[in-house]
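Please open the model in a viewer and keep the selection tool at hand.

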Amino acid sequence: MSLRKYISSKVFLRQVAIALTLVVLLVVLVLNLLSFITNHGQEIIVPNLANMTMDQVEKKLEDLDLEYVVLDTIDYNEEFAKFGVVLQEPKPGSKVKENRKIYLKINNDSYAYVVLPDMIEKTFRQVEPNLRVLGLELGEVTYKPYLGKDMVLEMRINGKLVKPGTKVMKTTKIDLVLGDGKIGFEEESQDSLQRYYDNE
């Protein structure tokens with residue numbers, strides 16, 4: 001039988017039909033298998049874990065077949081519970097597969113400490129932003145006679161004098177005593193001379 005006759009024969013056409021059917025069935029099988037392996041269509045909505053404790057997080061995620069990883073603790077925020085979740089990734093409402101890891105940042109249990117820098121004889125304009133950068137608050141500002149106007153002369157906490165280098169908790173109020181700039185050179189010289197004669 002010639003090749004042309006064989007290609008046009010019923011036997012060949014039947015074999016081609018069988019082969020095509022097998023290919024189609026194989027493709028369908030592979031797609032279904034991939035869908036099963038990747039849990040296609042079985043997405044989990046990530047819950048909002050904000051302010052939950054680790055025990056609550058563990059129970060919530062275990063029920064949803066999700067896992068969690070604590071990345072870090074962040075500076076204490078009074079709006080959140082101690083060791084409560086502050087940030088999470090993926091965000092609440094995201095769709096994920098089961099066993100996906102949820103990355104967490106949790107609230108510390110107290111404010112961190114910072115070292116009080118040397119701000120003596122610096123101007124109020126220099127000192128105020130530095131306090132805020134360190135997480136400290138500006139307390140009461142008072143003045144006393146001194147040549148340099150708005151120059152920091154003393155730092156106090158609750159009325160007690162504090163020295164540079166002291167460790168203080170963030171959000172502590174730092175009271176400042178500033179120079180009023182009302183003593184001139186002449187007045188200062190006269191005061192120095194008066195003290196000299198008084199000592200003689």
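Which backbone atom does the side chain of Asn107 reach at 2.8 Å? The side chain reaches the backbone nitrogen of Asn77. This is a polar contact, that is, a pair of N or O atoms within 3.5 Å; within protein, one must be able to donate a hydrogen and the other to accept it, and residues adjacent in sequence count only if both atoms are side-chain atoms.

Before continuing, note that this is a predicted model, in which local features need pLDDT of at least 70, side-chain atom pairs count only at pLDDT 80 or more, and totals for chains, interfaces and linings use all residues. Residues are numbered from 1 along each chain as its sequence is written, and side-chain values use heavy atoms, with hydrogens and water left out.

**Asn107**

Keep Asn107 selected and display strand β5 (residues 101-107), where it is found; strands are DSSP runs of E with at least two residues, helices runs of H or I with at least four, numbered from the N terminus. Asn107 counts as buried because its relative accessibility is 0%; buried means under 20% relative accessible area, exposed over 50%, and partly exposed in between (1.4 Å probe, protein chains only). The side chain of Asn107 also reaches the backbone oxygen of Ala81, at 3.2 Å.

**Gln88**

Next, select Gln88 in strand β3 (residues 85-89). With a relative accessibility of 8%, Gln88 counts as buried. A polar atom of the Gln88 side chain lies 2.8 Å from the backbone nitrogen of Leu49, and the side chain reaches the backbone oxygen of Pro90 at 3.3 Å. Beyond neighbours within four places in sequence, the contacts of Gln88 (heavy atoms within 4.5 Å) include Val46, Ile102 and Leu104.

**The nonpolar cores**

Now select Leu116, Leu131, Leu136, Met155, Ile174 and Leu176, which touch the most other members of the largest nonpolar core, a set of 15 residues. Such a core consists of buried Ala, Val, Leu, Ile, Met, Phe, Trp, Tyr and Cys residues joined through side-chain atoms within 4.5 Å. Helix α4 (124-133) and strands β8 (152-157) and β11 (173-179) are the elements that give two or more residues to this core. A second, separate core has 12 residues, among them Val46, Met52, Leu61 and Leu104.

**Leu26**

Finally, select Leu26 in helix α2 (residues 10-37). Leu26 is exposed, as its relative accessible area is 53%.
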